Amino acid sequence: MLKIEIDEGSGFCFGVTTAIKKAEEELGKTGTLYCLGDIVHNGMECERLRKLGLVTIEHDDLKRLHNVKVLLRAHGEPPETYALAEKNNIEIIDATCPVVLQLQKRIKQKGSSTTSAALPQIVIFGKNGHAEVLGLVGQIEGRAIVVESLEDVKNKIDFTKDIVLYSQTTKSLDEFHDIIDYIQSHIAEGVLFKSYDTICRQVANRMPNISAFARKHDLILFVAGAKSSNGHVLYEECLRVNPSTKLIECSDDICLDWLKGVTTVGICGATSTPKWLMEQCMMKVKELTSQPNMP
């Protein structure tokens, strides 16, 4: 008999849970709420909330809105978003994750100086264009250097000038340490280098747990939205330890052929993957394997 297990450690992180709860509370009162950007990097959850009245807008839309309520998602926003909201009499429902908020404050403090010559190079290990990274870079008016890889570190950083390194909260801890090691081995003598591990432990701690979970099963169904940064990281870890790992966005992506000859199926996901979606995938597996032509 086929055994199906949903990873208990998968699902929304604290920041996403809080943002969605705030959205649901406001929608329950008014039936309509604007959200700046996708509330979570999962299309299925965004669609569920859209049906409840959540309207996703972009920054250009915000400029045209007045006298409404707008939710800021867990990823955070740069200072100019708050200034624009105040100008347009927009009430902000701030759901910025506390971990992200603390990182924003640290970068702003480190990047503040009376003379630009005294500022170190502020480097952020993160994904260019990611909502959280845009909010972090905005704390110091775009002066941060964003690196996505060791190649970026080699090409974008001046190793003869002081360096302060931070990380997007959802990046890989191992990759962050690789970058630290490279900078330490190439920085010029007498130049200051400081690194701050700002990776969220709710994400980092999932890596060893999800790795152990992936090893337990014949087939892994990793459920995540295409835009999910940490979903990509966690999926790659599952794939590394279990080549029979399939990346899916919803239950409709599950193929019957994957299930042939399989005795155990593990279902897991990103910090942006709702539990209800993983449960839906479990029901789909049960439905497919109950078909008469299933060996």
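Guide: We will go from the whole chain to a few single residues.

Guide: Keep in mind that this is a predicted model.

Visitor: Fine. How many helices and strands are in the protein chain?

Guide: The protein chain has twelve helices and twelve strands. Its C-alpha atoms fill a box of roughly 75 × 55 × 25 Å along the principal axes.

Visitor: And what share of the residues is buried?

Guide: Of the 295 residues in the protein chain, 51% are buried. The accessible surface is about 14,500 Å², and carbon and sulfur atoms hold 50% of that surface.

Visitor: What about charges: how many positive and negative side chains are there?

Guide: There are 34 positive and 39 negative side chains. The centres of the two sets lie 2 Å apart.

Visitor: Which residues form the negative surface patch?

Guide: Asp174, Glu175, Asp178 and Asp181 form that patch. Asp178 is in helix H8, which covers residues 173–186.

Visitor: Why does Asp178 count as partly exposed?

Guide: Because its relative accessibility is 42%, and partly exposed covers the range between the 20% cut-off for buried and the 50% cut-off for exposed.

Visitor: New topic. Where is Asn42?

Guide: Asn42 is in the loop between strand S2 (33–36) and helix H2 (43–52).

Visitor: Is Asn42 buried or exposed there?

Guide: Asn42 is buried, because its relative accessible area is 2% and buried means under 20%.

Visitor: So what does Asn42 touch?

Guide: Leaving out residues up to four places away in sequence, Asn42 touches Ala224, Gly225, Ser272, Thr273, Pro274 and Leu277.

Key:
Residues are numbered from 1 along each chain as its sequence is written. This is a predicted model: local features need pLDDT of at least 70, side-chain atom pairs count only at pLDDT 80 or more; totals for chains, interfaces and linings use all residues. Side-chain values use heavy atoms; hydrogens and water are left out. Helices (H or I, at least four residues) and strands (E, at least two) are DSSP runs, numbered from the N terminus. Buried means under 20% relative accessible area, exposed over 50%, partly exposed in between (1.4 Å probe, protein chains only). Accessible areas come from the Shrake-Rupley method with a 1.4 Å probe; for residues, only the protein chains shown count as cover. Lys and Arg count as positive and Asp and Glu as negative; His and the chain ends are not counted. The place of a charge is taken as NZ of Lys, CZ of Arg, CG of Asp or CD of Glu. Patches are made of residues with over 30% relative accessible area and no salt bridge: like charges are joined within 9 Å, nonpolar side chains (Val, Leu, Ile, Met, Phe, Trp, Tyr) within 5 Å. A salt bridge is a side-chain nitrogen of Lys or Arg within 4 Å of a carboxyl oxygen of Asp or Glu. Contact means heavy atoms within 4.5 Å.
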